[in-house]
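Student: I would like to go through this model with you and ask, for each label, on what grounds it is given.

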Amino acid sequence: MAAQCSGLVRRTLPAIALSLRTSSRLLCTATKQKNNGQNLEDDSSQNEQKTDSASTEKTLTEEKVKLEEQLKETLEKYKRALADTENLRRRSQKLVEEAKLYGIQGFCKDLLEVADILEKATASVPKDEIKEENPHLKNLYEGLVMTEVQIQKVFTKHGLLKLNPVGAKFDPYEHEALFHTPVEGKEPGTIALVTKVGYKLHGRTLRPALVGVVKEP
């Protein structure tokens, strides 16, 4: 019986050892496969993360470029709006200033007729008749002269200046030529005679002087 048991043990032990070795090999193989699978999953996950990161970075870069372009465009529009506003302010200010300066030009034109009448009245008085023996004429003449002087002072105060350009060069912006005639000793293109004085209001011709211009013989 003992011999039978001993033989059974001898037959069973190698089989168990073989089974253990086989199981050990299978376990090692399974472990390697599992580890390899985990490594593949980790590599795949890292690749996916890299791909997602690259895609996100590209999207953010494109968004940044787009926002920078929008910012640049907005700044340009803002600068143009500021420039337009400044130009409008300057034009409005200029219009206001011109209205202050030239708003009285209609009134001035009417007064010019009065000044013309005063000038003609004083010029028509015979100078040899202005004597102490003619006190009425003398007083009337002096009163007309004083009135003419005073009205010219008022004109000057408000920027209205007389143009009496005898001997000056003809300027079409300030003078109106009624005729051209040769005059000995006078340079062609100059004004030989003023038939009606002109006026300028703050540098702008309100009424051109009516003149005769010297021409070449």
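Tutor: Let us begin with pairing: two strands pair if DSSP finds at least two bridges between them, and the strands themselves (E, at least two residues), like the helices (H or I, at least four), are DSSP runs numbered from the N terminus. Three strands form an open sheet in the order 1-4-5, with antiparallel pairing. The model is predicted, so local features need pLDDT of at least 70 and side-chain atom pairs count only at 80 or more, while totals for chains, interfaces and linings use all residues. Residues are numbered from 1 along each chain as its sequence is written, and side-chain values use heavy atoms, with hydrogens and water left out.

Student: What makes strand 1 and strand 5 edge strands?

Tutor: Strand 1 (160-163) and strand 5 (204-207) each have a single partner strand, so one side of each is left without a neighbour in the sheet. Neighbouring strands of this sheet are turned by 35 degrees against each other on average, direction ignored, where axes are lines fitted to C-alpha atoms (for helices over the stretch in contact) and angles run from 0 to 180 degrees between N-to-C directions.

Student: How do you know that strand 1 and strand 4 pair?

Tutor: Four bridges join strand 1 to strand 4 (residues 198-201), and the definition asks for at least two, so the two strands count as paired.

Student: Why is H175 called buried?

Tutor: Buried means under 20% relative accessible area, exposed over 50%, and partly exposed in between (1.4 Å probe, protein chains only). H175 has a relative accessible area of 6%, and is therefore buried. This residue of strand 2 touches P165, K169, F170, I191, P208, A209 and V211, not counting residues up to four places away in sequence.

Student: Why is G189 called partly exposed?

Tutor: The relative accessibility of G189 is 24%, which lies between the two cut-offs. G189 is found in the loop between strand 2 (175-181) and strand 3 (191-196). Across 24 residues of sequence, G189 and V213 are 6.1 Å apart, C-alpha to C-alpha.

Student: What makes strand 2 and strand 3 edge strands?

Tutor: Three strands form an open sheet in the order 2-6-3, with mixed pairing. Strand 2 and strand 3 each have a single partner strand, so one side of each is left without a neighbour in the sheet. Strand 3 and strand 6 (residues 209-214) pair in the antiparallel sense over four bridges, and I191 has V213 of strand 6 as its bridge partner.

Terms used
Contact means heavy atoms within 4.5 Å.
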